[in-house]
Amino acid sequence: MSPAKPHRVLLERVSGYADEAAAYMRRRRVSRRPFARLYYPGGRSADHAVDSISGGELFVAAGRLIEVAERTPQ
Amino acid sequence: MVDTAKAGRSVPGGAAERALAFLAEMSPDLRGAAILDASGRVLAASDEPRRWEEDVAALLAVADRAGEEPVEQVHIATEQGEVFAIRNAGLAAVAVTDRFALASVLFFDLRSILRDLAGGGDGLAGGDGGGAA
């Protein structure tokens, strides 16, 4: 029995990666919850829960921007 | 090195508008965006610049109050869409996208655009390296 042709091996590997990526994106869509994340100089970041005061304010401010963008003619 | 204090004032609105159009072309998820100078004045916006100016100022004020230092980037994901904001080189950019936009790519594009505008460019060096014709 002859070994698989090199291009087939490559093709299968690429397809495998694509399948994995698609599965990851599907899981992400299902499991992802709303969040507010702030990043600071130096790479530090902080999450703000939806039910916190700062989180609530951030979501309200973001909601206004989403509303403006909705009204933008495409 | 970019003079961050001067950068925002020296960017012409035309360059910011071209940069915004380029961003829209590169980002299929984009619903709207705005670029602002250091004082918070809109240099370019998808629509209703005054409304963008007010709402971006409100968002950045809330974000700054939430921590002990001024924020550099903001990413808020809601059920209705996602909001990205970034400050760089004395300018600020805000983008609203559909849900599940790739944050790292969008932040990279926004940062590249701001850096290019602040350096006197036309903002088209963002994303994939300025492949615009």
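Biologist: Which residues of α2(A) are buried?
Modeller: This is a predicted model, where local features need pLDDT of at least 70 and side-chain atom pairs count only at pLDDT 80 or more, while totals for chains, interfaces and linings use all residues. Residues are numbered from 1 along each chain as its sequence is written, with chains lettered from A and ligands numbered from 1 in the order written. In α2(A), the buried residues are A:Leu58, A:Ala61, A:Ala62, A:Leu65, A:Ile66, A:Val68 and A:Ala69.

Biologist: How wide an arc do they cover around the axis of α2(A)?
Modeller: The arc is taken over the directions from the helix axis to the C-beta atoms. These residues sit on the same side of α2(A), because the arc they cover is only 155°.

Biologist: Which element gives the most to the side of chain A that touches chain B?
Modeller: In total, 28 residues of chain A are in contact (C-beta atoms, placed from the backbone, within 7 Å) with 30 residues of chain B. The elements giving two or more residues to this side of chain A are α1 (6–31), β1 (35–39), β2 (45–48) and α2 (53–70). With 13 residues, the element that gives the most is α2(A).

Biologist: Which residue in β3(B) stands opposite A:Leu38?
Modeller: β1(A) pairs (at least two DSSP bridges) with β3 (residues 73–77) of chain B in the antiparallel sense, over five bridges. Look along β3(B), and opposite A:Leu38 stands B:Val74.

Biologist: How many C-beta neighbours inside 10 Å does B:Leu117 have?
Modeller: B:Leu117 is found in helix α4 (residues 103–118) of chain B. B:Leu117 counts as buried because its C-beta neighbours inside 10 Å number 33.

Biologist: How far apart in space are B:Leu117 and B:Val11, C-alpha to C-alpha?
Modeller: In sequence, 106 residues separate B:Leu117 from B:Val11. Go from C-alpha to C-alpha in space and the distance is 6.4 Å.

Biologist: Which residue with a positive phi follows α4(B)?
Modeller: α4(B) has 16 residues, and B:Leu106 and B:Ala118 are among its buried ones. The residue that follows α4(B) with a positive phi, near 95°, is B:Gly120.

Terms used: Contact = placed C-beta atoms within 7 Å. Helix = DSSP H or I, 4+ residues; strand = E, 2+ residues; numbered from the N terminus. Buried ≥ 20, exposed ≤ 12 C-beta atoms within 10 Å, placed from the backbone. Expected span 1.5 Å × (residues − 1).
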